[in-house]
Amino acid sequence: MFNEVFTDIWQNYRGRLLCTLVGLFVGAMFLWLGFFKAIFLLICISGGFFLGNKLDKNEDLVEWLDRLLPPGYHR
């Protein structure tokens, strides 16, 4: 039962899961060292989820950065 659920989650949400865990780990490391602890943790988890979601949907991150950054910034 749990094996099927985990396999389904891993196949469909691998990028989101991994990037969210990385964001959680980095955020937790700064929790012990920084000031805006809770806010920073939420930003790291949200950023990890966002990047993971982009990877799950096979979107091009360079193209997204080209739209976000000013012209001529990325070569």
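Modeller: pLDDT is the predictor's confidence in each residue, from 0 to 100. This is a predicted model, where local features need pLDDT of at least 70, side-chain atom pairs count only at pLDDT 80 or more, and totals for chains, interfaces and linings use all residues. Residues are numbered from 1 along each chain as its sequence is written, and side-chain values use heavy atoms, with hydrogens and water left out.

Biologist: What is the mean pLDDT of the chain?

Modeller: The mean is 80, and 89% of the residues reach 70 or more.

Biologist: Which elements have the lowest and the highest mean pLDDT?

Modeller: Helix 3 (residues 61-68) has the lowest, 76. Helix 1 has the highest, 85.

Biologist: What makes a run of residues a helix or a strand?

Modeller: Both are DSSP runs, numbered from the N terminus: helices are H or I with at least four residues, strands are E with at least two. The chain has 3 helices and 0 strands. Their order is α-α-α from the N terminus on.

Biologist: How far apart are Phe6 and Trp10 in helix 1?

Modeller: They are 4 residues apart in helix 1 (residues 2-31), so about one helical turn separates them.

Biologist: Why is Trp10 called partly exposed?

Modeller: Buried means under 20% relative accessible area, exposed over 50%, partly exposed in between (1.4 Å probe, protein chains only). Trp10 has 30%, so Trp10 is partly exposed. Val22, in helix 1, has 52% and is therefore exposed. Buried residues make up 16% of the 75 residues in the chain.

Biologist: How do you know that Cys19 touches Leu51?

Modeller: Contact means heavy atoms within 4.5 Å. Not counting residues up to four places away in sequence, Cys19 touches Gly48, Leu51, Gly52 and Leu55. Cys19 lies in helix 1. The C-alpha atoms of Cys19 and Ser46 are separated by 9.4 Å, with the two residues 27 apart along the chain.

Biologist: What share of contacts joins residues at least 24 apart?

Modeller: The share is 42%, among contacts in the chain between residues at least 6 apart in sequence.
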